[in-house]
Amino acid sequence: MNVFLREFRAYRKSLITWAVSLAGIVGLFMALYPAFASDIEGLNEMLANFPEAIKALVNITPETFMSVLGFYGYLLSFAWLAASIQAMNLGVVIISKEVSGKTADFLMTKPVRRSEVVTGKLAAALAVVLIMNVVFMAVSYLAVAATGAEFDSSTLLLMSSTLLLLQLVFLALGALFSVTIPKIKSVVAVSLPTVFAFYIIGAIGDVLDNVELRWVSPFRYFDPAYMITERGMEPEYLLVVAVFVAAAIVATYVIFAKRDIHTAV
Amino acid sequence: MNVFLREMKAHRWGLVFWSLGMVMMIYSGMAKYGAYEAADESVAVILDQIPGAVQAVFGMTGFDLTSAAGFFGMLFLYLAVMGAVHAALLGAHLIAKEERDHTSEFLYAKPASRSRVLTGKLLAGLVNIIVLNMVAAASSFYFVEMFNKDEPFGSDIVLLMIGLFFLQVIFFAIGAAVAGTSHKPKSAASRATSIMFGTFLLFYVVNLDEDLEFLKYFTPFKYFEASALMTDGALDPVFVALSATIVVLAIAGTYRAYSARDLAI
Amino acid sequence: MELRMNVIETSRLTKYYGKSRGIVDLDMTVEEGEIYGFIGPNGAGKSTTIRTLLGLIHPTSGSATIFGKDITAFGPQIRQEVGYLPSEVFYYDDMRAIDLLRYSASFYNKDPKATEKRARELAERFDLDLRKKIDDLSYGNKKKVGIIQGLAHQPKLIILDEPTGGLDPLIQQEFFHLLKEQNAEGATVLFSSHILSEVQKLCDRVAIIKEGSIIRVDQIRTLLENATKRLTLEMAAPVEESVFALDGVSDLAVTNHTVSFLYRGHVNDLTGLLARLDLVDLQVEEPDLEEIFLHYYQKEE
């Protein structure tokens, strides 16, 4: 409990910065919706004339693309990117902070089991993630409602919940990195390239709707168009998330219990 | 010079890792093009008619996706992002690491002025950037040629690579400046990459709404946008001048501030 | 009388960290060829002074010269002839010890071969395997690397900030021999510590720094005359405090069978007293400098 409290308190300021930034991203993009909407009037007729190949290529339908939720789906990828960086930072920092900050000698020699330490820290990270998502959902709802366009709230909720799933994935991945990579001197140097790599892989695959590669990048597990039309998520990807997060967390506990703690000195 | 050589040695594996990543990314991108040859003439006509906002959403703005070079142009943004992340992290890291790792009491008690050390580090960073750029250029030529259909592309790629180089130098300078001027060098990498991330988002925002076009001066990704470069066949002198100004100011600021401030021990 | 140059001269040297004081109006002179000790409790300003002299931090006001040159204007030049061992050593983990020493040597204008030769000699003397990676060295061994990188280039001024932390007693002795040798060859040594015994062994003069200012500068002889010992006695049977009413006894504490006090004065008077007591165990310690001086100056205040 004390580990949880200390970690959570230490993260306060950063949480506020991130929450504000994420809210900013949502607000900024949704504010552009009116301009976007007027820009694409008349797209409907054009769409009818598109050959199948192109429709498949860019996956545009009136419902999924030109609605306000469709636009929201677009901004989701940026929200995912930012949130994933935050989540991975959180995960990586978990253990590496003690080592690089030289407090391993302090914490790890207290009468506490290693698993308790991991639990406390993960719990704090999870609390941060949950708060972020509450903020995100609230701001999303407000911003979308503010555009005045019609939308289905439950679908919006569904779509914004994907942020939580992505954060869990990267949090777990970050935690796994933090117990396997021996010396992490710069959290950002690990998390940024990793997240961006997945993002770029996702973006490249996205343009061409490449099915095989969908499994590789978490950024492609959740398709906004699918969520809008089917009002659900594709179960196989939910399963991947669940399995990965569970496996990574378990591995984190196991590895950390066994490994030597090398302090900086 | 000794500082230069030492930094070159210290970064060699990182450079290899990033270079490999760059090669893989270019290959996989172009390979996807090869797999989905949308070779129809009519397609090009239709793609042209898609409204700017839609194009922006799919990152297709102004490209002829049917040609290998055109497709590569669309890929370029992701190359640019990779280059920017690498450069920003490199710039911040080179300057901040002595204070972060507490080796500043060793290095700066030596008979070398801070400026001299800074020069060695910055030069090493520049060499790293150039190498990455060369790797990107070589892979681009190689893989575009591999999937090309007898269309000329050489000058396009050269131009894009020059643009990439400018982008790298800009973010490198920003990274160095953030680390050099701040009293909290440990968080320099995060701040530098936040700036980079912000300009990345801004790039999309500017493309989404024509009214916001004036904001293009605030995001270097717009200075060297692939579609513009390939259409004009040349760099925009205004943007080149702006880039040079940013870099000069950032580097000069770094030298001044770094010599004048106390080193965080 | 020899006319000695002042190697270090500070004039009202002041450093504030924001609002916290580091050092205030510090005036200090270190003569050529002397071993100058700089003692004081934690937080007194020893490291601040040293770091300012080396240019790692900049003074808020005041000035200082080393070898007659202003430290702000001629920093790099001055440091050609300075060797520095910081209180906590950190080096580049990916390097081997020999790589770091070569890198260090590359900054000086001296003959690199001679410097390397000297480095190897020192490494042998201190029993350090130069082929080992810095990352794999224990803290004490890292300190040895620190000693060597500070001395291999035969500097005219050696600055040490609490140098013996982490060194085992044998190595400490070897280190002191080395410093004495260098001093005999003309090097000046500035040495900060809070361990009185070290300072006693080496220094000619000592400056006492407290709360950012130099309180006193003395020849070492004078300090020795004022040295205080802490005695802890285990008595066979409880005794009254009055038994210890001897001139020079202070800070007396009697609990059951344990008696502790500070003693400053003639040793023979003390041993005479002890001889009359029925003791189970006896411990004589030289207290921490902090203890002595806090006690001493509390009295003065």
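C:Thr10 stands opposite C:Met28 in strand S2(C). The model is a predicted one.

Strands of chain C
- Strand S1 (residues 6–17) and strand S2 (residues 20–31) of chain C run antiparallel and are joined by 8 bridges.
- S1(C) and S2(C) make a hairpin that has 2 residues between the strands.
- In the turn of this hairpin, C:Gly18 has a positive phi of about 65°.
- S1(C) is also joined by 5 bridges to strand S4 (residues 61–66) of chain C, and these two run antiparallel.

Contact between chains C and B
- Chain C has 21 residues in contact with 18 residues of chain B.
- On the side of chain C that touches chain B, the elements giving two or more residues are helix H2 (75–79) and helix H3 (97–105) of chain C.
- H2(C) supplies the largest share of that side, 4 residues.
- Sorted by class, the side of chain C that touches chain B holds 12 nonpolar, 6 polar and 3 charged residues.

Helix H9 of chain A
- Helix H9 of chain A covers residues 153–180, which is 28 residues.
- At 1.5 Å a residue, H9(A) should span 40 Å, and this agrees with its end C-alpha atoms, which are 42 Å apart.
- H9(A) is mostly covered, with 20 of its 28 residues buried.

Conventions. Residues are numbered from 1 along each chain as its sequence is written. Chains are lettered from A and ligands numbered from 1 in the order in which they are written. This is a predicted model: local features need pLDDT of at least 70, side-chain atom pairs count only at pLDDT 80 or more; totals for chains, interfaces and linings use all residues. Two residues are in contact if their C-beta atoms, placed from the backbone, lie within 7 Å. Ala, Val, Leu, Ile, Met, Phe, Trp, Tyr, Cys and Pro count as nonpolar, Asp, Glu, Lys and Arg as charged, and the others, Gly among them, as polar. The expected span of a helix is 1.5 Å times one less than its number of residues. A residue is buried if 20 or more other C-beta atoms lie within 10 Å of its own, exposed if 12 or fewer, and partly exposed in between; C-beta atoms are placed from the backbone. Two strands pair if DSSP finds at least two bridges between them.
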